[in-house]
Amino acid sequence: MSRPELVLASASPRRVELLALVGIVPDRIEPADIDETPLKDETPPRLAARLARSKAEAVAARAPDSVVLAADTVVAVGRRLLEKAADEAEAVRFLKLLSGRNHRVFTGVAVAAGGAIRHRVVEARVSMKVLSGDEIAAYVRSGEWRGKAGAYGIQGRAGAFVTRIVGSYPAIVGLPLHETVNLLAGAGWRAE
Ligand SMILES: Cc1cn([C@H]2C[C@H](O)[C@@H](COP(=O)(O)OP(=O)(O)OP(=O)(O)O)O2)c(=O)[nH]c1=O
């Protein structure tokens, strides 16, 4: 029996690269365009779950016979929730908040198949060294922060800012691989 089509509901190039590491190549990529505004008093893990599910549902509505995979990554520091920075000034603010502290990264991953949807939320804890004003300015100039939750990329230059992580590294980069493979297997989809 042939496998159903696998659709990745994401515009994130990192998610494609992470899937490739475990031998998963989506048949199609169709980013979901949804409103990512948090609800009032929504916790970071609930937000990551809701957005991952909404992205998967939005694309599954147009591809009911496919297996649809989506994810969402948010950063939480203290009581603050950090999504993607809108501009350089916001990126500077985010990096000042993360400097010399621990924060948490939550990635929700959702798989929709056959009218059902299942999800997981994976947490990682990240410690960052104290960042000087010059380091923040140089990092923001590099542009690497664009399109990344919390305005940094652990897989890039900001990897040198990180002193310790507890939890899933691929979840920080945008997709927890263990949970993703399990969710896909639960939906009857396995890599060849
Ligand atoms: C913390 C962190 C996040 N990120 C990325 C992962 C996600 O792509 C992005 C968070 O934004 P998301 O809204 O999760 O995803 P996206 O906008 O890139 O793509 P789509 O909504 O279409 O799926 O931040 C890194 O690449 N490295 C990091 O260290």
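This is a predicted model: local features need pLDDT of at least 70, side-chain atom pairs count only at pLDDT 80 or more; totals for chains, interfaces and linings use all residues.
Close-up 1. Just past H3, glycine 100 has a positive phi of about 70 degrees. Within H3, the buried residues are Ala91, Phe94, Leu95 and Leu98. They span an arc of only 95 degrees around the axis, so they sit on the same side of H3. An α-helix makes a turn every 3.6 residues, so positions three or four apart point the same way. Ala89 and Lys96 are exposed on the other side of H3.

**Close-up 2. What covers the buried residues of H3.** The cover includes strands E3, E4 (80-82), E5 (102-113) and E6 (116-128). Helix H4 is also among the covering elements.

Close-up 3. Glycine 143 follows H4, with a positive phi near 80 degrees.

**Close-up 4. The shell around the ligand.** The ligand is surrounded by 22 residues. Ser10, Ala11, Ser12, Ile154 and Gly174 are the closest. Strand E3 (67-77) and helix H5 (169-173) each contribute at least two residues to the shell. E3 gives the most, with four residues. By type, the shell holds ten nonpolar, eight polar and four charged residues.

Methods
Residues are numbered from 1 along each chain as its sequence is written. A residue is near a molecule or strand if its C-beta atom, placed from the backbone, lies within 6 Å of it. Ala, Val, Leu, Ile, Met, Phe, Trp, Tyr, Cys and Pro count as nonpolar, Asp, Glu, Lys and Arg as charged, and the others, Gly among them, as polar. A residue is buried if 20 or more other C-beta atoms lie within 10 Å of its own, exposed if 12 or fewer, and partly exposed in between; C-beta atoms are placed from the backbone. The arc is that of the directions from the helix axis to the C-beta atoms. Two residues are in contact if their C-beta atoms, placed from the backbone, lie within 7 Å.
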